[in-house]
Amino acid sequence: MKPIINSLQLTPHFNLREFQCSCCQQVKLWPPLVECLEKLRSLWKEPIVLTSGYRCPNHNKRVGGVANSLHVEGRAADVVVMHRYQPLFCELAERAGFTSILPYGKRNFIHLAIKNSRRHNE
Ligand SMILES: [Zn+2]
Ligand SMILES: [Zn+2]
């Protein structure tokens, strides 16, 4: 099998590639982020699709992310969740250990992050 950059299974359901920046394939990952995602996956019992994990500072700027976005620190992931399932998903995300949970309603995604305990940003 030909190796692929960042192709590394981290937990039963998540691969490092899913967290890499979509513009440059660079990746930074705070380990508790994937641990909480795996825990959430077992509570949710359905696949969890990431649309954004790590973002390099340039990419973050281009997508209009706030400058101190936790995506730039590898502490945040956006996941696809249909609007009507968001209240349940948020409840499970809290149980899984996420400390920042922002549902985007009809845009059908949720921002999940683990805050840096020393600083409080989204
Ligand atoms: Zn990038
Ligand atoms: Zn986000």
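Is His71 buried or exposed? With a relative accessible area of 1%, His71 is buried; the model in which this is computed is a predicted one.

**Zinc site.** Select the zinc ion (ligand 2) next. Its protein donors are His71 through NE2, Asp78 through OD and His111 through ND1, lying 2.0 Å from the ion. Along the sequence, the donor residues follow the spacing H-x6-D-x32-H. Asp78 has a relative accessible area of 6%, and because buried means under 20%, Asp78 is classed as buried.

**Nonpolar patch.** Now display the surface and select Val49, Val80, Met82 and Tyr85, which make a nonpolar patch of about 330 Å². Tyr85 is located in the loop between strand S4 (76–80) and helix H3 (86–96). At 38% relative accessible area, Tyr85 is partly exposed.

Keep Tyr85 selected and turn to the ring pairs. The aromatic pairs number four. One of them joins Trp44 and Tyr85 edge-to-face, at 6.4 Å centre to centre with 70 degrees between the planes. Trp44 belongs to helix H1 (residues 31–44) and Tyr85 to the loop between S4 and H3, so this pair ties together parts 41 residues apart in sequence. Trp44 is buried, at 17% relative accessible area. Phe89 counts as buried, at 1% relative accessibility.

**Final stop.** Select Trp30 and Arg75. Arg75 lies over the face of Trp30, 4.1 Å from the ring centre.

Conventions
Residues numbered from 1 in each chain as written. Chains lettered and ligands numbered in written order. Predicted model: local features only at pLDDT ≥ 70, side-chain atom pairs only at ≥ 80, totals over all residues. Heavy atoms only, no water. Donors = N, O, S within 2.8 Å, 3.2 Å for Na, K, Ca; no water. Buried < 20%, exposed > 50% of the residue type's maximum accessible area, 1.4 Å probe, protein only. Patch = residues over 30% accessible without salt bridge, like charges linked within 9 Å, V, L, I, M, F, W, Y side chains within 5 Å. Areas by Shrake-Rupley, 256 points an atom, 1.4 Å probe, with all protein chains shown as cover. Salt bridge = Lys/Arg side-chain N within 4 Å of Asp/Glu carboxyl O. Helix = DSSP H or I, 4+ residues; strand = E, 2+ residues; numbered from the N terminus. Phe/Tyr/Trp six-rings, centres within 6.5 Å; stacked < 30°, edge-to-face > 60°. Lys NZ or Arg CZ within 6 Å of the ring centre and 35° of its normal.
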